[in-house]
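This report looks at ring pairs and nonpolar cores. The sequence and structure come before the details.

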Amino acid sequence: MIESERLILRPWLEDDVLPFSEINGDKEVMEYLPKCLSLEETVQFYKRIVAEHNTFGYGLYAVETKSDGRFIGYVGFHNFDFEAEFSPGVEIGWRLARKHWNKGYATEAAKACIDYARKHRLFNEIYSFTTVCNHRSERVMQKIGMNLVGFFSHPSLPIGHRLEPHVLYKLELRVKTLA
């Protein structure tokens, strides 16, 4: 479990699936992703998240507010291995219910995840990426101290798809020593 001032990042519970499905079905939340997810697709995603956490000991954490204990989405790490110059690697990402946007929760939770990764020496670097038109997520990347590396065409999207062009950010988690 990871705590920040207002949030708890914790393992997933089966009770998170229905509110997660509502988030994944919200057209505004999913605006910069290929499509909204059905309940069945959300269940499959939930199972992949839990499996990845069980395999690596970290992953996309369920986020709840300390004030009321409600599930509001996820923030955390995902191992990616799609065809790209910088792959494989670890991504930091987030998806929160729309009613919890513009409160600083994504930034707060992402910073807590980064602190946790540094403290536990989970990996040396993390990436984050999104379609070039997703300025909200890009702003979170900047606020958590990530640096723009460049741009790439996401290989999972068809050539010419409106979401294909992506920005790529990176953050070094360990200070490199001179040897």
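Rings of Phe, Tyr and Trp (its six-membered ring) pair if their centres lie within 6.5 Å; planes under 30 degrees apart count as stacked, over 60 as edge-to-face and the rest as tilted. The model is predicted, so local features need pLDDT of at least 70 and side-chain atom pairs count only at pLDDT 80 or more, while totals for chains, interfaces and linings use all residues. Residues are numbered from 1 along each chain as its sequence is written, and side-chain values use heavy atoms, with hydrogens and water left out.

Ring pairs join Trp12, Phe20, Phe45, Tyr46, Phe71 and Tyr74 into a cluster.

| Pair | Centres | Planes | Class |
|---|---|---|---|
| Phe82 and Phe152 | 6.2 Å | 15 degrees | stacked |
| Phe129 and Phe152 | 5.7 Å | 85 degrees | edge-to-face |

Phenylalanine 82 lies in the loop between β4 (71–80) and β5 (89–96), and phenylalanine 152 in strand β7 (residues 147–153), so their pair ties together parts 70 residues apart in sequence. Strands here are DSSP runs of E, at least two residues, and helices runs of H or I, at least four, numbered from the N terminus. Phenylalanine 82 and phenylalanine 152 are both buried, meaning under 20% relative accessible area with a 1.4 Å probe, protein chains only.

A nonpolar core is a set of buried Ala, Val, Leu, Ile, Met, Phe, Trp, Tyr and Cys residues joined through side-chain atoms within 4.5 Å. The largest has 31 residues, of which Leu9, Val75, Phe77, Ile92, Trp94 and Ile126 touch the most other members. Helix α3 gives the most to this core, 8 residues.

Methods:
Buried < 20%, exposed > 50% of the residue type's maximum accessible area, 1.4 Å probe, protein only.
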